[in-house]
Amino acid sequence: MPETFGPAFEGQSRPLLSYGLPFTESLAKHAEDIFHASRIYIICSKSLARNTTYLDDLRKVLGGKVVGVRIGLKPHSLWSEILEIVADARKSNSDLIVTLGAGSLTDSAKIVSFALANDVSTHVELDTLIPTSPNKRDNIKPSEIPVVCIPTSLSGGEYSAFAGATNDETGQKHSFSGALKSPELVILDPELATTTPERVWLSTGIKAVDHCVETLCSLKSNDTADRDARRGLAKLIPGLIKTKQNPKDLEARLETQLGARDAMRAASQGVPVGASHGIGHQLGPAGVGHGETSCILNPAVCKYNYKKGANVERQDAIIQLLWEDPKAREIFVQGKLNRETADLGDLMDTIIRALGLPRTLKEFGIGEDRIDKIAEHSLKDRSVKTNPAPLDKEGVLDILRMVLE
């Protein structure tokens, strides 16, 4: 397949997107012609490093340009690990950061570049870069060292100029934005993505679906964002079902990857999302995987908002869209859903269960005794504040109780 190359999003110069070439070939080509990089720092997932030759293949292609490698990060981008990479990349004088793998690698790399630009080396200093921090510094510099992401999941963080990371001294997850830059280049390789564990692939796909659904559910959306979110759903839902049925279907893998791109293009329009994202940010530090937060919360949040009458027309439009998709309709018929009575929460629940993904907090050992603290943290999250139905602590607890078991 010839390379498809250009801006990932219409009307934006960055990030750039490349697919069609093996990722090693694409990176070697663009590290030279775009970035003129000679000191490359690689952050690679532990599973790819241990179970495949892909990291070795990449090092071989890049040769002496590789000045540092970090293998493996814990979920949810811990500040302590980010600061370790900051120190390592600073010491090696890196001029390009490359991630090979999924999830927390991406957000961590974005924050590493941001921290390096602002001479950060401690938890206290990193806190000064958070937009909502009372200790926010006055003169925050934009990220300088470019980041290239070669993702193996579908969560889509490689397209955004936001990053989430958990302060492991407090247990709270924080969002970084403002002068933080998105990655410069995203390289998609569906064959590489076949190495991703099925549950990670499918659950992060539901995270991308959640981006689309919460955009379409938002009372502050716009025509452009709605268009991108509909396009994303049209690729993601059938793509996820096809890759569940046949993990080696590379065409479906690429379709799903491009659906995640569309989801993030919708998200880039600045439309505020809701409580599935907001509460999900706090479930992460409680031990729920990145994509799995959406598997648990999205149907419940849809039902809560619908019951409150907050976005009935917008949810009804998504219901119609999903029933018109042949692959989704097949799942709904198998699940014995009634088109006249099933709400959006029911449709999402059926899709998630058909993919074999978790639906309750109980599956992660989280019980009633832990949800009060999760609710308190959630109320500080900007996406909880922009949920279509206004939420106080009791409202967040209502949603959490819906998904306990």
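This is a predicted model: local features need pLDDT of at least 70, side-chain atom pairs count only at pLDDT 80 or more; totals for chains, interfaces and linings use all residues.
Seven strands make up an open sheet, and their order across it is E1-E2-E9-E6-E5-E3-E4. The pairing in this sheet is mixed. In general, strands of a sheet pair through backbone hydrogen bonds, either parallel or antiparallel. Strand E1 (4-7) and strand E4 (66-71) are found at the edges; each has a single partner strand, so one side of each lacks a neighbour in the sheet. From one strand to the next, the twist averages 15 degrees.

Strand E3 (residues 40-44) and strand E5 (residues 96-100) run parallel and are joined by five bridges. Ile40, for instance, has Leu96 of E5 as its bridge partner.

Helices also pack on this sheet. Helix H1 (residues 23-33) touches E1, E2, E3, E5, E6 and E9, and its direction makes about 155 degrees with that of E9. Helix H5 (residues 104-117) touches E3, E5 and E6, and its direction makes about 170 degrees with that of E5.

After H5 comes Asp119, a residue in the loop between H5 and helix H6 (123-127). Asp119 has a positive phi of about 55 degrees, although it is not a glycine. Most residues other than glycine have a negative phi, and most peptide bonds are trans. Asp119 is also exposed, with a relative accessible area of 57%. Asn93, in the loop between helix H4 (79-91) and E5, likewise has a positive phi of about 55 degrees without being a glycine. Its relative accessible area is 54%, and Asn93 is therefore exposed. A further backbone feature is the cis peptide bond between Arg14 and Pro15, where omega is about 0 degrees. Pro15 belongs to the loop between E1 and E2.

A further pair of strands forms a hairpin: E7 and E8, with four residues between them. Strand E7 (residues 163-167) and strand E8 (residues 172-176) pair in the antiparallel sense over five bridges, and Ala163 stands opposite Phe176 in E8. In the turn, Gly171 has a positive phi of about 85 degrees. In a regular strand the side chains alternate between the two faces of the sheet. In E7, Ala163, Ala165 and Asn167 point one way, whereas Gly164 and Thr166 point the other way. Five of the five residues of E7 are buried, so this strand is largely enclosed by the rest of the structure.

Two packed helices are described by the angle between their axes and the distance between the axes. The axes of helix H9 (residues 223-245) and helix H10 (residues 250-267) come within 7 Å and cross at roughly 155 degrees. H9 and H10 are therefore roughly antiparallel to each other. The crossing in which H9 passes H10 is left-handed.

Finally, Arg59 lies in helix H3 (residues 54-62). Is Arg59 buried or partly exposed? Its relative accessible area is 40%, which means that Arg59 is partly exposed. Apart from neighbours within four places in sequence, Arg59 is in contact with Ile42, Val66 and Val69. The C-alpha atoms of Arg59 and Asp249 are separated by 28 Å, and these two residues are 190 residues apart along the chain.

How values were computed: Residues are numbered from 1 along each chain as its sequence is written. Side-chain values use heavy atoms; hydrogens and water are left out. Two strands pair if DSSP finds at least two bridges between them. Helices (H or I, at least four residues) and strands (E, at least two) are DSSP runs, numbered from the N terminus. Axes are lines fitted to C-alpha atoms, for helices over the stretch in contact, and angles run from 0 to 180 degrees between N-to-C directions. Contact means heavy atoms within 4.5 Å. Angles under 35 degrees count as roughly parallel, over 145 as roughly antiparallel, 65 to 115 as roughly perpendicular and the rest as oblique. A crossing is left-handed if the near helix is turned anticlockwise from the far one by less than a right angle, and right-handed if clockwise. Buried means under 20% relative accessible area, exposed over 50%, partly exposed in between (1.4 Å probe, protein chains only).
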